[in-house]
Each structure stands twice: as C-alpha cells, then as structure tokens.
Amino acid sequence: MSIEGEYVPSALEWVRDQIEVYERSGGTEANTLRDSGIPIIVVTMKGHRSGSVRKIALMRVEHQGEYALVASMGGAPQNPGWYKNLVADPHNVMVQDGPAPFPVAVREVTDDERALWWERAVAVFPLYADYQQRTERVIPVLIASPR
C-alpha cells in the first residue's frame, strides 16, 4: 500500500533532509532526532485540506507493535497541523520504522490509556513533560496500529 498524491515536503529544511535520507537508506541513516540518539519514525498521511501527501518524523514510542504519535508541537498553544490530518483520515496512514513503510490505523487515546501511553512517551523523550507544562491544552496522544 502507498498513499497516492503529490508529495509536499516539510517547509523545514532539516526535516525534509532527514526524511529523504531516512527513506533512501531504509531507516539505517538519519534515524534519530538530530544528535540526541533518540530514534524516530516517519509518518506519511494526506493533508486534510490540500489532499497532498505529507511526511513527518516523530519520536519512536513503540509498545508491542503499536506506536504513540504525540502531538506536542513543543508545547505550543495549538495542535500541530498533522494532528488534524490524522484525525480526518485515520485509515490512510503509513509508518516507517526501518526498511519499509507499512499501513496503520490511527486512533486518539484518552483517560487511563492516554496516561499509560504518555508515561511511555515521556520515558523515551523526557522533554514531553516540559512541553505539557508550557501549554494549557492536553497534548493529544494518538496510537498507530498496524493493519
């Protein structure tokens, strides 16, 4: 499965470059957040308004084959644009964690399930806790499950 449409790369050069190298190398290069050593995954989706193919790199928060997609946006007051894309079309999403992308279904978690996934996410990337303190919104956590 692939997501059809025109690919519109990120406006941020370092994100564009990371995704290009990650995909070209089958996940063997550019597979951490800059120099942090923290692994990333690449998420591919359709823009909810444009219909264009979009790709983002997110922290790799994996548990038993599922992935948490944390919509932190560094603690900004609003959710990242990709959050709306995933909510609008949760079954037209791919995750790449290694050599090849695979289809996933995405759902937002709440309450106890969110708390459990939030704990896992903070264990991988402790700055998430700081991001939550910077904003009044509850940072959404979505789960990507292989289909």
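How many salt bridges does the structure hold? The structure, a predicted model, holds five.

The protein chain contains four helices and seven strands. The C-alpha trace spans about 35 × 35 × 30 Å along its principal axes. The radius of gyration of the protein chain is 14 Å, which agrees with the value near 15 Å that a compact globule of 147 residues would have. Of these 147 residues, 44% are buried. The protein chain exposes about 7800 Å², and carbon and sulfur atoms supply 51% of that area. Among contacts between residues at least 6 apart in sequence, 62% join residues at least 24 apart.

The largest nonpolar core comprises 17 residues, of which Val-43, Leu-69, Trp-82, Leu-86 and Val-106 touch the most other members. Two or more residues of this core come from each of the following elements: strands E1 (40–46), E2 (53–59), E4 (66–70), E5 (93–96), E6 (101–109) and E7 (141–146), together with helix H2 (81–88). Leaving aside residues up to four places away in sequence, Leu-86 is in contact with Val-43, Met-45, Leu-69, Val-93, Val-106 and Leu-142.

Side chains of opposite charge can pair when their charged atoms come close. One of the salt bridges joins Glu-20 to Arg-24, with the closest N and O atoms 2.9 Å apart. Both residues belong to helix H1 (residues 13–24), where Glu-20 and Arg-24 are four residues apart, about one turn of the helix. Glu-20 has a relative accessible area of 41% and is therefore classed as partly exposed. Arg-24, at 54%, is exposed, because the cut-off for that class is over 50%.

A salt bridge is also formed between the side chains of Glu-23 and Lys-55, at an N to O distance of 2.8 Å. This pair links distant parts of the chain, since Glu-23 lies in helix H1 and Lys-55 in strand E2, 32 residues apart. The two partners fall into separate accessibility classes: Glu-23 is partly exposed, with a relative accessible area of 28%, whereas Lys-55 is buried, with 17%. The value for Lys-55 counts as buried because that class takes in residues under 20%.

Arg-60 and Glu-62 likewise meet through their side chains in a salt bridge, with an N to O distance of 4.0 Å. Salt bridges that share partners join Arg-60 and Glu-62 with Asp-97 into one network. Arg-60 is partly exposed, at a relative accessible area of 28%, and Glu-62 is partly exposed as well, at 30%.

Notes: Residues are numbered from 1 along each chain as its sequence is written. This is a predicted model: local features need pLDDT of at least 70, side-chain atom pairs count only at pLDDT 80 or more; totals for chains, interfaces and linings use all residues. Side-chain values use heavy atoms; hydrogens and water are left out. A nonpolar core is a set of buried Ala, Val, Leu, Ile, Met, Phe, Trp, Tyr and Cys residues joined through side-chain atoms within 4.5 Å. Buried means under 20% relative accessible area, exposed over 50%, partly exposed in between (1.4 Å probe, protein chains only). Contact means heavy atoms within 4.5 Å. The radius of gyration is taken over C-alpha atoms; the globule rule is 2.2 Å times the number of residues to the power 0.38. Accessible areas come from the Shrake-Rupley method with a 1.4 Å probe; for residues, only the protein chains shown count as cover.
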